Amino acid sequence: MLIIGAASIFGVYWVRSLTAKTILADAEKEAKRQIKEAELQAENIVRKGELESREKLLTITSDFERKTQSKRDELTAIERKLSNREEQIERRAGNLDKRESDLEARSAQVKKSQQRSEEREKELDSLVAQQQAELEKISGMTPQDAKRSLMKSMENEARNESAKVIRQIEEQARETGLTRARKIISMAIQRVGSEHVQETTVSVVDLPNDEMKGRIIGREGRNIRALEQATGIDLIIDDTPEAVILSGFDPYRREIARISIERLISDGRIHPGRIEEVVEKVRKEIDQQMREEGEATCFELGIHDLHPELVKLLGKLKYRSSYGQNVLQHSKEVSILAGMLAAELGANAQAAKRGGLLHDVGKAVDKETDGTHVQIGIKLLKKFGENKDVIHCLESHHFDTEPTTVEAILVQSADTLSAARPGARREILETYVKRLEKLEEIADSFQGVSKSYAIQAGREVRIIVESEKVNDDEAAWLAKDISKRIEGELEYPGEIRVTVIRETRSVEYAR
């Protein structure tokens, strides 16, 4: 019995110990699981915190960039206002200096007039003394005779003095009239020429984004100042999106500035040292291109043995325009026309072509040298040993001198033809385009017309009609009706050919 009791007790303890071990193992597993969950929750919390901190950092960064950009825009606007105010102050200072000089000139005139009046008073005093002496001598005369003599002498003196005064007034009026006439003409030129100057003195460089404007301006504006000093062109950075405006009267400098800025933008390195390096490199490339353009022009026209400097100046005419017409293209046209006319007339075609090509060479440097382009061109041709017949073609092409050779007259005619052809120059381009549009508009207004094209510089209009709506007989009448309406509604030189085209098309597909 004792053994059985002991065994039962031992069994109970063994079962309890086994149960305790099982519970302990389960507790350890539960603890490990809870630890892993806690670690995962901690990692999630950490990641969430990192994401929130990054979002806050991005928000703060974007706010800072936006505020910085707005400050930059404000600074740019302030700089622009300051530059405008400086220009206004300089203009006012110039006006004040001019007024001071005018006042000084007027004071000098007043002093001179005072001196003249004093001299006249002295002369009058001396005359009075002489008259008194003469009266004393002729005291034997009657009072009436003495009075008449005195009145006659005074009348002659008054006439002389009044003639002098009238002459002075006329001279002053003439000078004042010339000054006012010059002022009125200059104001008229300024008002009328503003649109044309805007078109021919401005280039636009496209930017990849608006942030590039800040890089072009640089810290405290050092980059834009370096660009303006290196190229001689004004950079206008305004509210125009993704664009920089280049302003300058010299197309050669403006082209250098445009290419330089485009290369700096593509390169990405924009600082004063790099700007000077790129501008110098582009200037050398443009000079080489000008020489090559001049050589290609001479080769195309068959004109050889020109001086290398003249060849380079011809290439420079590519960056020069006159009334919206490219001067190099105009010179080539004049050369070709003059050569053809000379060949037809049996004159010296080579001299005419050479004179036509070089007739505007002075325009390549007329903005760098005083004088008209004719005077400058004559000096250049004499300097580089050109033939006297070619020089005469240049000096007489604007009727500055009377032409004495057939070649000079032909160059005059060719110059007029090249400048006056439809669309060549700005003053007739608008009317030329309107005439073409009106031609097509008249043709399109007729029933059955499908398309119309004004060709041959407006000397012919071709009209395509729908074959289903217009037959052959009606096409002939349509051409007559359109020509009559053109005669009644348009003004044009010469004649305009009206061609009506009617065709039938049959289409099938082979499968």
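Analyst: E255 and R258 form a salt bridge in which the closest N and O atoms are 2.6 Å apart; a salt bridge is a side-chain nitrogen of Lys or Arg within 4 Å of a carboxyl oxygen of Asp or Glu. Both residues belong to helix α6 (residues 251–267), where they are 3 residues apart, about one turn of the helix. Helices (H or I, at least four residues) and strands (E, at least two) are DSSP runs numbered from the N terminus. By the salt-bridge rule, the count comes to 20. The model is predicted: local features need pLDDT of at least 70, side-chain atom pairs count only at pLDDT 80 or more, and totals for chains, interfaces and linings use all residues. Residues are numbered from 1 along each chain as its sequence is written, and side-chain values use heavy atoms, with hydrogens and water left out.

Negative charge also gathers in a surface patch made up of E65, D73, E74, D206, D210, E211, D239 and E242. Patch residues have over 30% relative accessible area and no salt bridge, with like charges joined within 9 Å and nonpolar side chains (Val, Leu, Ile, Met, Phe, Trp, Tyr) within 5 Å. Accessible areas come from the Shrake-Rupley method with a 1.4 Å probe. Helix α1 (residues 2–137) gives the most to the negative patch, with 3 residues, while D239 sits in the loop between β2 (234–236) and β3 (243–247).

Key:
Lys and Arg count as positive and Asp and Glu as negative; His and the chain ends are not counted. The place of a charge is taken as NZ of Lys, CZ of Arg, CG of Asp or CD of Glu.
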